[in-house]
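Please keep the sequence and the coordinates at hand while reading.

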Amino acid sequence: MSPGNKHISLSEQDDESLIKLTLDGNTRAFDVLVKRHSRKIHSMLMQMLNCEADAYDVAQDSFIKAFRALRYFNGQSAFYTWLYTIAANNARNFIRKRGRDRTTTIDNDDKGNQHEKNDDLADTSLESDPIRKANLKDLNKRLRAALEQLSPNHREVVTLSDIAGLSNPEIASMLNISEGTLRSRLHYAHKQLQGLLEDLR
């Protein structure tokens with residue numbers, strides 16, 4: 001696909017073409033990249049930070065940093081992997097600056113309402129199935145509560161693997177750990193989550 005083909009809309013361009021267009025001065029191309037990946041980035045950050053406002057701020061900062069550093073993107077990994085690396089690093093730095101290892105409780109009513117809005121956006125078909133909608137909201141609430149009880153390292157690998165959907169090689173590269181260490185962390189985290197979810201029934 002040629003980024004110079006004016007007959008192809010920006011939304012139809014692949015990431016590589018959009019990057020080339022951005023580097024050529026077309027900032028609208030980067031807007032498309034942001035729109036394409038922002039939902040997954042935000043979902044990951046919500047799990048890591050458990051705060052709508054913080055996740056939004058870190059996401060915006062991550063996109064700004066990505067834009068400024070785009071000329072250094074070498075294409076050795078997928079763009080979204082590179083972007084996830086920036087966002088995850090920003091989240092870890094944010095948590096350290098906030099002066100705590102664990103994120104805030106999920107019991108805040110305002111945040112709970114925001115979580116529910118996000119759950120609604122995730123699947124519009126739920127509106128026609130209120131029972132399924134209620135069950136999924138309850139499951140999401142229990143999952144968030146269980147994730148809160150994991151260590152930051154274990155919560156991070158679960159978020160990147162199960163929520164962001166990144167592959168083991170991608171995550172290992174992002175976190176600068178071996179795939180064996182990653183598999184070990186995931187195994188322990190999944191086992192712990194299973195027990196926590198049973199306790200939260």
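The expected span of a helix is taken as 1.5 Å times one less than its number of residues. Helices themselves are DSSP runs of H or I with at least four residues, strands are runs of E with at least two, and both are numbered from the N terminus. The model is predicted, so that local features require a pLDDT of at least 70 and side-chain atom pairs count only at pLDDT 80 or more, whereas totals for chains, interfaces and linings use all residues. Residues are numbered from 1 along each chain as its sequence is written, and side-chain values use heavy atoms, with hydrogens and water left out.

The protein chain contains nine helices and zero strands; read from the N terminus, its elements run α-α-α-α-α-α-α-α-α. Of the 201 residues in the chain, 40% are buried, where buried means under 20% relative accessible area, exposed means over 50%, and partly exposed lies in between (1.4 Å probe, protein chains only). A contact is defined by heavy atoms within 4.5 Å. Among contacts between residues at least 6 apart in sequence, 60% join residues at least 24 apart.

How far does H7 reach from its first C-alpha to its last? With 12 residues, H7 reaches 15 Å, close to the 16 Å expected at 1.5 Å a residue. Buried residues in this helix include His154, Arg155, Glu156 and Val157, as well as Val158, Thr159, Leu160 and Ser161. After H7 comes glycine 165, with a positive phi near 75°.

A straight helix of 23 residues would span 33 Å at 1.5 Å a residue, but H2 spans only 29 Å between its end C-alpha atoms. H2 also has a kink of about 50°, centred on histidine 37; the bend at a residue is the angle between axes fitted to the seven residues ending there and the seven starting there. The N-terminal end of H2 is capped by asparagine 26, which has a side-chain oxygen 3.1 Å from the backbone nitrogen of arginine 28. Just after H2, asparagine 50 adopts a positive phi of about 55°.

Attention now turns to the aromatic rings. Rings of Phe, Tyr and Trp (its six-membered ring) pair if their centres lie within 6.5 Å; planes under 30 degrees apart count as stacked, over 60 as edge-to-face, and the rest as tilted. Five aromatic pairs occur in the structure. In one of them, the ring centres of phenylalanine 30 and phenylalanine 67 are 5.1 Å apart and the planes lie at 65°, so the pair is edge-to-face. This pair links distant parts of the chain, since phenylalanine 30 belongs to helix H2 (residues 27–49) and phenylalanine 67 to helix H3 (residues 52–69), 37 residues apart. Phenylalanine 30 is buried, at 6% relative accessible area, whereas phenylalanine 67 is partly exposed at 38%.

Phenylalanine 79 and tryptophan 82 form a tilted pair, 5.8 Å centre to centre and with 40° between the planes. Both residues lie in helix H4 (residues 79–98), three residues apart, and are therefore separated by about one helical turn. Phenylalanine 79 is buried at 4% relative accessibility, and tryptophan 82 is buried at 17%. Ring pairs link Phe73, Phe79 and Trp82 into a cluster.

Charged side chains supply the remaining contacts discussed here. A salt bridge is a side-chain nitrogen of Lys or Arg within 4 Å of a carboxyl oxygen of Asp or Glu, and the whole structure holds five of them. One joins lysine 20 to glutamate 16 at 3.5 Å, N to O; both residues lie in helix H1 (residues 15–23), four residues apart, about one turn of the helix. An α-helix has 3.6 residues a turn, so residues three or four places apart point the same way. Lysine 20 is partly exposed at 42% relative accessibility.

In helix H3, aspartate 61 and lysine 65 are four residues apart, about one helical turn, and form a salt bridge whose closest N and O atoms are 3.5 Å apart. Aspartate 61 is partly exposed at 32% relative accessibility, and lysine 65 is partly exposed at 38%.

Which residue forms a salt bridge with glutamate 156? The partner is arginine 92, with the closest N and O atoms 2.2 Å apart. Glutamate 156 lies in helix H7 (residues 152–163) and arginine 92 in helix H4, so the pair ties together parts that are 64 residues apart in sequence. Glutamate 156 is buried, with a relative accessible area of 5%.

Key: A polar contact is a pair of N or O atoms within 3.5 Å; within protein, one must be able to donate a hydrogen and the other to accept it, and residues adjacent in sequence count only if both atoms are side-chain atoms.
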